[in-house]
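Please consider the structure shown below together with its sequence. The account that accompanies it is meant to be read with both in view.

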Amino acid sequence: MDDAWLERFEPRTPGDEPAYARIADAIASAIADGALVAGERLPTHRALAQRLGVAVPTVSRGYQAAADRGLIVSTIGRGTFVAGIPNLRDEHERSRWLDMAVNAPARGPHEPAMRVALEKLSRLPDLQAELGYAADIGSARHRSLAGDWLGRRGVDASPDDIAITHGGQHALLVAFAATAHAREAVATEALTYPGARSAAQALGLGLAPITIDDEGLDPEAFTSWCRSAGTPRVLYTTPFAHNPTARTQSAQRRRELVDVARRYDVTIIEDDVFGMLDDTGTPPLAAMAPERTLHLTSFSKALTPGLRCGILTGPSPIMQRVGPLIRATIFNAAPLQTAITMAWVQDGTADRLVDWQRIQARQRRERALGVLGDCPAVRSLTATALHAWVQLAAPWTPAEAIAAAASVDVLIGPTSHFAVGAPIDERGVRLCLGNAPSVQALGAALERLDTSWRRPFWASGT
Ligand SMILES: Cc1ncc(COP(=O)(O)O)c(C=O)c1O
């Protein structure tokens with residue numbers, strides 16, 4: 001640990017604060033200018049006493065004063081840690097934690113499957129097609145295979161109206177650019193996927209927050225937005241396993257939203273990146289309103305994100321604008337990666353990996369419900385697909401729950417990253433369940449979380 005911050009502990013001069021208060025002040029000032037970051041471990045009481053030349057009880061009192069100010073958290077047997085929101089950018093810090101901030105699928109049979117795929121590819125007599133530039137929307141063969149795959153999800157698309165993209169995020173950027181006008185707002189769930197916020201920002205689009213309830217987007221709130229919004233009206237929504245709240249719109253809710261969209265001529269961008277994991281049989285919006293829905297999905301969550309393979313489809317007039325946008329952003333999705341993905345679609349590997357991921361997702365959410373189900377800090381837990389949304393019981397706030405998690409080496413992303421527009425008064429945090437190396441490792445991290453959230457409440461901030 002870099003302990004330069006200790007120099008802030010000023011030597012005693014007459015009239016000074018007592019030593020314990022100066023310890024708390026040194027911690028506060030080091031946090032204020034970033035010399036100490038959230039999640040960082042502080043020296044033991046004894047080690048700090050030795051370094052500062054004070055008695056051990058003085059350090060204990062200093063740490064207690066800092067904890068009372070919400071600056072640090074202590075866990076018996078684990079040590080003392082800086083509270084606050086973890087610094088997501090610090091890779092070094094991240095490596096020793098379980099990262100439950102990244103929404104990644106579970107990893108298992110993927111590596112051997114990829115070795116087999118690469119070996120098969122190396123034996124193909126002709127690789128020329130995968131080595132050159134492709135059509136912006138992808139080759140006819142890949143689009144036709146993508147169309148078959150979408151058909152199984154209930155999305156009926158002609159290969160002419162399909163584009164292969166560089167993953168779901170790219171599909172989203174292109175979908176925004178193809179449908180919305182700069183300075184107009186796109187309606188979306190009041191909490192949304194942060195990548196949608198970045199895409200909108202990059203394109204100069206606003207996002208208009210629509211209230212959500214247990215089934216996601218509220219049709220009444222959507223209707224009032226439609227009444228006041230300028231044209232073109234665009235809705236971006238995630239009906240299955242909404243990110244971050246893990247809520248899924250029922251068939252009835254989807255019908256209501258489609259009715260409103262038809263009444264006010266709204267183009268829908270349906271984010272279905274988790275859809276390959278859906279086994280409920282509820283039809284996607286693209287099947288209910290194909291005339292106005294751009295449907296985007298990707299193989300990142302069901303297979304593996306490294307493929308960076310996404311699919312965008314929708315009404316022909318919009319899809320005609322998509323090719324030039326793909327050309328402008330990436331020219332074309334890498335044919336080699338698309339070839340591997342489509343080979344997996346063709347030879348059944350994709351089905352096998354999807355089945356495996358569904359089983360993992362089920363086991364992981366059962367474990368989350370089992371461990372956190374009766375945690376007093378948790379008011380409700382919505383678990384679908386690869387992430388779960390934890391509604392916190394008052395007086396816990398997201399920042400406090402995240403800082404307590406950091407003290408037990410669990411990284412949770414800030415809830416503010418999901419907020420559209422003004423900061424919302426949302427007492428919830430998202431837990432990504434897929435990234436733990438195993439169900440057992442996830443269980444252990446959840447148990448640590450449970451312990452940290454069972455502690456008597458402590459408030460953060462000075
Ligand atoms: C709702 C949502 N849409 C799109 C994406 C981006 O998908 P991809 O990783 O394929 O770019 C994600 C990734 O987390 C997501 O959660």
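The model is a predicted one.

The surroundings of Val174 can be described in detail: with neighbours within four places in sequence left aside, Val174 is in contact with Thr165, Leu312, Val322, Leu325, Ile326 and Thr329.

Attention now turns to the packing of helices. Helix α2 is formed by residues 45-52 and helix α3 by residues 56-68. Their axes come within 8 Å and cross at roughly 110°. An angle from 65 to 115 degrees counts as roughly perpendicular, and α2 and α3 are therefore roughly perpendicular to each other. The crossing of these two helices, α2 and α3, is right-handed. On the α2 side, the contact involves His45, Arg46, Leu48 and Ala49, which meet Val56, Thr58, Val59, Ser60 and Tyr63 of α3.

A second pair is made up of helix α5 (residues 110-122) and helix α14 (residues 335-347), which pack at an angle of about 105° with their axes 11 Å apart. This angle makes α5 roughly perpendicular to α14. Ala117, Lys120 and Leu121 of α5 make the contact with Ala339, Ile340, Ala343 and Trp344 of α14. Of the residues in the contact of α5 with α14, six are nonpolar, none is polar and one is charged.

Asn243 is located in the loop that lies between strand β10 (233-237) and helix α11 (251-263). Is Asn243 buried or exposed? A residue counts as buried if 20 or more other C-beta atoms lie within 10 Å of its own; Asn243 has 26 other C-beta atoms within 10 Å and is therefore buried. Apart from its neighbours within four places in sequence, Asn243 is in contact with Asn103, Tyr193, Thr238 and His387. Thr231, by comparison, lies twelve residues from Asn243 along the chain, and the C-alpha atoms of Asn243 and Thr231 are separated by 26 Å.

Terms used
Residues numbered from 1 in each chain as written. Predicted model: local features only at pLDDT ≥ 70, side-chain atom pairs only at ≥ 80, totals over all residues. Axes fitted to C-alpha atoms, helices over the stretch in contact; angles between N-to-C directions. Helix = DSSP H or I, 4+ residues; strand = E, 2+ residues; numbered from the N terminus. Parallel < 35°, antiparallel > 145°, perpendicular 65-115°, else oblique. Left-handed = near helix turned anticlockwise from the far one by under 90°. Contact = placed C-beta atoms within 7 Å. Nonpolar A, V, L, I, M, F, W, Y, C, P; charged D, E, K, R; others polar. Buried ≥ 20, exposed ≤ 12 C-beta atoms within 10 Å, placed from the backbone.
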